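Hi,

Here is the structure I promised to pass on. Have a look at it first, and then read on for what turned up.

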Amino acid sequence: MKLLENNNQKFIKALSKSCLKADKRRNKIAVIAIMLTAVLFMALTTVLKGAQISEKNQKLRQVGTKLMVSVKNLTAKEAEQIASAPEFTVSAVERYAVNVINPQLSNMQAVAGWADETSAKYSFMELEQGHYPKKGHELACDTEVLRLLGLPCEIGSSFVMQYTAGDTVLEKQMTVCGFWKGMKYEQRASLLVSQSFVNQAVEYYDGIYAPLKEAGYDVRGNFAHEKDAAKQLDRLLERLGYDPKAEQGEKGFVIHHVNPVYAAPPEDPTETFVMAGIGALLILFAGYLIIYNIFKISIEKDIRLYGQLKTIGASPKQLRYMVVRQGLLLSAAGIPAGLILGWLLGNGLLPLVMSNTSFQEDMFIIPPAWVWLLSGMFTFLTVRISCAMPGWIAGKISPVEALRYHGFSESRKTSKKGGQSAHRIAAMAASNLGRSKGKTALVVLSMAFSAVLLNCTLNYSTSMDQETFVRRETTADFDVRSAQYLKYSMEDYTKTVPKEAAGILSKMDAAERFGRIYCRMLPQNELVSGYEDTGSVTRINGKETPDDIVEFDRARMLYGMNRQAAEGLKIIEGSVDYEKLCSGNFVIAAGFLSDRGEYYDEPRNFMPVM
C-alpha cells in the first residue's frame, strides 16, 4: 500500500450501496434513462439488421429457393452422387416435369413436379396442413393456387389438372393432400406431385424433350459459407469429374448455377455504416446528457455528504468510484430490460421502415448475439462516460466548499419587489432557470437531441412519396397486359391483348384517356434472319449510326402509340408533333430513367407513333 493511502474499500462499497438505497426516486429515474438509451441502441441495430434479413429473405423468395447453388438436368445416379457430396451442408433433389395449363392459372407460370422434403422446405413450401404427395393422384400446392382454382383450403379437395408433358396435352383427376401459404400476384407457382406421377409423365417426352426422360433431375445445395459460392461449386464439380468451364456439347459439360442472391456482388456498406455511426453518436450523446444530468443533480443534492466523507479520510478516487459504482449497479437492471424493449420496438418499427423500400414485407427477427452484445456495450459505455464527470465533481470539491454549496451561482441582478401576482409565477420560473445556467443548458440540450432523434426517425420512415414513385414509373392509373406476358415459355408474339378486349376497355366510363401501344412480332418459325420484325436505325439526328454492333445495334424493336399514349411521354430532347409522326417519316427514340430521374442514353428503342 502506497504512502497516505487508506484501505477502506469495503466501507466505500457498503456506503455506495447505502447511498443507492437511500435515493430510490433518483434510482428509478436513472434506470428509466439507462433503459431508454439501451432501447434506442437496440432498436437501431434491430431495424438495420432486420431490414437486411427481410430484404434478403424476400429476394430469396423471388428466386424461389434459399439454397445457394443448383446443378440441373442430371440422371438419378448423377443427382444422388452430387447431392451426397460432403461439401454440402444441405442438399436437395427435385424433378419438375409438366406445365399446368388450367385456364384459372393463365396469369402465372405454373409447373408441377416432385421434390424431396428438404427441397420443399427450402423453397418456401412448408406445409400448413396435410402431407407431401406419395400416390399418383395426390398433389400439394399453395393457398393462392387453390383460390384461383376455386377450391377450399381443405385436404381432400379434388380437381382435374390440365397439363403438358413435352408437347402432349394431358389431364388427370388430382386430390389435394397438403397446402402451404401462398402469396397474391405471384408470377410463378410450383405444384408438388408424387415421383410416380413424374415417371409416368416423362414417358410422353419425345423430340427435343427425349433426353430429359432420364436426365431431368436437379440438385440444389448450401455450402458452409456464402463467400465465393461459384468457386466452391466449380471445385466440387471438378472433383466429381465435370468441367465447369465446358460449353454445351463438350465433354464434362453440366448445367450449374449460383442463386442470384448469393452471386450478386456485396453492396458497399459504407453508407449503411455512416448512417449507423451517426445514429449511434446521436443516441450516445442524448443518453449521456440525460444520465449525466441525473447523476449531477444527485451529486449536488448530496454534496455535503461527500464533503464529510472527504473530511474523515475518503480519497477523491474513492468518491469517484462510489458514483460510478452506483451507475453500474443501476445499469445491471436497466440495460437487460432496455435491450428486450428495444428489440420489440425495433421489430415494431421494421414494417414502417420496410414500407419505404421495394421489399415491403417484413418478418419478426431475433438478432444475432453480436447485435445484443454491441447494443449492451454501447449502453454500458454511455453510462460509464455519463458517471465520470459527476464522480469527478464529487471527488474534487473540498469539505469547506461542500458546506457552503447552494447549487447555483450568485446573480448580480437585483430583483424587483412587488408587481402583479400574474407575473410573479413566470418570474419565479425564469429565476429558477437562471440559478444554474449549466443545468438549464443540459436539460435543453437533452430535450433538443430527443427531438432530433424523433425527427430523424420520422423523416426516414415516412420519406417515400408513393405518388412521386408511381408517377415516374407510369403515367396511367392502370396497365392491362396479356395473361401470357410473364410466361417465359411462351413466344413474345402471343403476349398481346386481343383487339376486342382493348375496344371494350376503351369504352369504360372510368377510362378518361385510354392509351394503346402496338408492336408487331413474328413467330419464331417465320423469322429467317432474326430481324424481320424490327427496324434498322441507320441515322440519328442526321448522323450515321456505327456499323459495329457492339457499339450500336441498329436492329431495334418498333412500337406504335395512339395520341393518348403519346401525350404521356416525358420529352428529354426535342418536341413531339403527332401529325408529323403519323406521316411515317419520323420516330421517337425511347430511353429509360433511373431511380433518380436521370436519363440513360443507351439503349434506345424507337417508337413510330400512330
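A quick definition before anything else: a patch here is built from residues with over 30% relative accessible area and no salt bridge, with nonpolar side chains joined within 5 Å. Keep in mind as well that this is a predicted model.

With that in hand, the surface. Ile 340, Leu 341, Leu 344, Phe 364 and Ile 366 make a nonpolar patch of about 510 Å². One of them, Ile 366, sits in the loop that runs between helix 11 (316-354) and helix 12 (369-396). Is Ile 366 buried or exposed? Its relative accessible area is 65%, so it counts as exposed, the cut-off for that being over 50%.

Helix 12 also has something for you on the inside. Thr 379 is found in that helix, and with a relative accessible area of 0% it is buried. Which residues does Thr 379 touch, if you skip those up to four places away in sequence? The list is Ile 34, Thr 37, Ala 38, Phe 41 and Ile 335.

Next, the aromatics. Searching the whole structure gives five aromatic pairs. Among them is a stacked one, Phe 88 with Phe 223, whose centres are 5.2 Å apart and whose planes make an angle of 20°. Phe 88 belongs to the loop between helix 3 (76-83) and strand 2 (90-100), while Phe 223 belongs to the loop between strand 9 (217-222) and helix 7 (229-239), so the pair ties together parts 135 residues apart in sequence. Both partners are worth a click: Phe 88 is buried at 9% relative accessibility, and Phe 223 is buried too, at 3%.

While you're looking at rings, there is also a charge over one. Arg 95 lies over the face of Tyr 217, 4.6 Å from the ring centre.

Last stop, Gln 173. This residue is in strand 7 (residues 168-180) and, at 45% relative accessibility, counts as partly exposed. What does Gln 173 contact, leaving aside neighbours within four places in sequence? The answer is His 137, Ser 158, Phe 159 and Val 160.

Cheers

Terms used. Residues are numbered from 1 along each chain as its sequence is written. This is a predicted model: local features need pLDDT of at least 70, side-chain atom pairs count only at pLDDT 80 or more; totals for chains, interfaces and linings use all residues. Side-chain values use heavy atoms; hydrogens and water are left out. Patches are made of residues with over 30% relative accessible area and no salt bridge: like charges are joined within 9 Å, nonpolar side chains (Val, Leu, Ile, Met, Phe, Trp, Tyr) within 5 Å. Accessible areas come from the Shrake-Rupley method with a 1.4 Å probe; for residues, only the protein chains shown count as cover. A salt bridge is a side-chain nitrogen of Lys or Arg within 4 Å of a carboxyl oxygen of Asp or Glu. Helices (H or I, at least four residues) and strands (E, at least two) are DSSP runs, numbered from the N terminus. Buried means under 20% relative accessible area, exposed over 50%, partly exposed in between (1.4 Å probe, protein chains only). Rings of Phe, Tyr and Trp (its six-membered ring) pair if their centres lie within 6.5 Å; planes under 30 degrees apart count as stacked, over 60 as edge-to-face and the rest as tilted. A charge sits over a ring if NZ of Lys or CZ of Arg is within 6 Å of the ring centre and within 35 degrees of the ring normal. Contact means heavy atoms within 4.5 Å.
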